Amino acid sequence: MHGHGGYDSDFSDDEHCGESSKRKKKTVEDDLLLKKPFQKEKHGKVVHKQVAAELLDREEARNRRFHLIAMDAYQRHTKFVNDYILYYGGKKEDFRRLGENDKIDMDVIRENHRFLWNEEDEMDMNWEKRLAKKYYDKLFKEYCVADLTRYKENKSL
């Protein structure tokens, strides 16, 4: 029917070659139309080892950051101390604090307490004296029972 004397063959190469190339063109054109402008191209090749290592490092850093954010301050501190000991060596006892010289606020107030404060005393004050003065200002001072035998020496019991 196609110019071969009215005889048609299912296996003729001339007819199918034209149709298969047209089909391929259509699928390529359809793929181009369906492709999004921000979509990355698909590569069939294996990536370079350095690129794969960078991607793995980035993923590991993201995981480490996620776990650090999920920890509270004490857990993060102990992790950093343990990492430091693993890297530089040493013992945990080297990091222990000695509490011999520790004072609580009440100890500081007892050491720096005065029954009467002068304006001259307020000129040169460190944080301990400021704390004692602040405590003194907050006291309820309407009634007082006091032993004033050592008033001149500026000492209290």
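The term covers a side-chain nitrogen of Lys or Arg within 4 Å of a carboxyl oxygen of Asp or Glu. Both aspartate 83 and lysine 79 sit in helix H3 (residues 73–88), 4 residues apart, or about one turn of the helix. Aspartate 83 counts as partly exposed because its relative accessibility is 32%, and lysine 79 falls in that class too, at 29%. The cut-offs here are under 20% relative accessible area for buried and over 50% for exposed, with partly exposed in between (1.4 Å probe, protein chains only).

A few ground rules apply. Numbering runs from 1 along each chain as its sequence is written, and side-chain values rest on heavy atoms, with hydrogens and water left out. As the model is predicted, local features need pLDDT of at least 70 and side-chain atom pairs count only at pLDDT 80 or more, while totals for chains, interfaces and linings use all residues.

The structure holds 6 salt bridges. Another of them pairs lysine 103 with glutamate 111, where the closest N and O atoms are 3.1 Å apart. Lysine 103 is partly exposed at 45% relative accessible area, and glutamate 111 is likewise partly exposed at 49%. Lysine 133 and aspartate 137 make a further bridge, with 3.0 Å between the closest N and O atoms. These two residues, lysine 133 and aspartate 137, are 4 residues apart in helix H5 (residues 127–138), so about one helical turn separates them. Lysine 133 is buried, with a relative accessible area of 14%, whereas aspartate 137 is partly exposed at 44%.

On the whole-chain level, the protein chain has 5 helices and 0 strands, which gives the pattern α-α-α-α-α along the sequence. Helices (H or I, at least four residues) and strands (E, at least two) are DSSP runs, numbered from the N terminus. Of the 157 residues in the chain, 6% count as buried. Confidence is summed up by pLDDT, the predictor's confidence in each residue, from 0 to 100. The chain has a mean pLDDT of 80, and 82% of its residues reach 70 or more. Where pLDDT is low, the predicted coordinates should not be read in detail.

Back to H3, then. This helix has 16 residues and spans 22 Å from first to last C-alpha, close to the 22 Å expected at 1.5 Å a residue; the expected span is 1.5 Å times one less than the number of residues. Just after H3 comes glycine 89, with a positive phi of about 90°.

In helix H4 (residues 105–112) lies asparagine 112, which is buried at 15% relative accessible area. Asparagine 112 is 16 residues from glutamate 128 in sequence, yet their C-alpha atoms are 6.9 Å apart in space.

Finally, the second largest pocket has a volume of about 190 Å³. Its lining is made up of Tyr74, His77, Thr78, Val81, Asn82, Lys92, Phe95 and Arg96. By class, that lining has 3 nonpolar, 3 polar and 2 charged residues. Ala, Val, Leu, Ile, Met, Phe, Trp, Tyr, Cys and Pro count as nonpolar, Asp, Glu, Lys and Arg as charged, and the others, Gly among them, as polar. On a 1 Å grid over the protein atoms alone, a pocket is an open set of points where a 1.4 Å probe fits, with protein on both sides within 12 Å along at least five of seven lines, and lining residues have an atom within 4 Å of a point. Points are joined across faces, edges and corners, and the volume is the space filled by probe spheres set on them.
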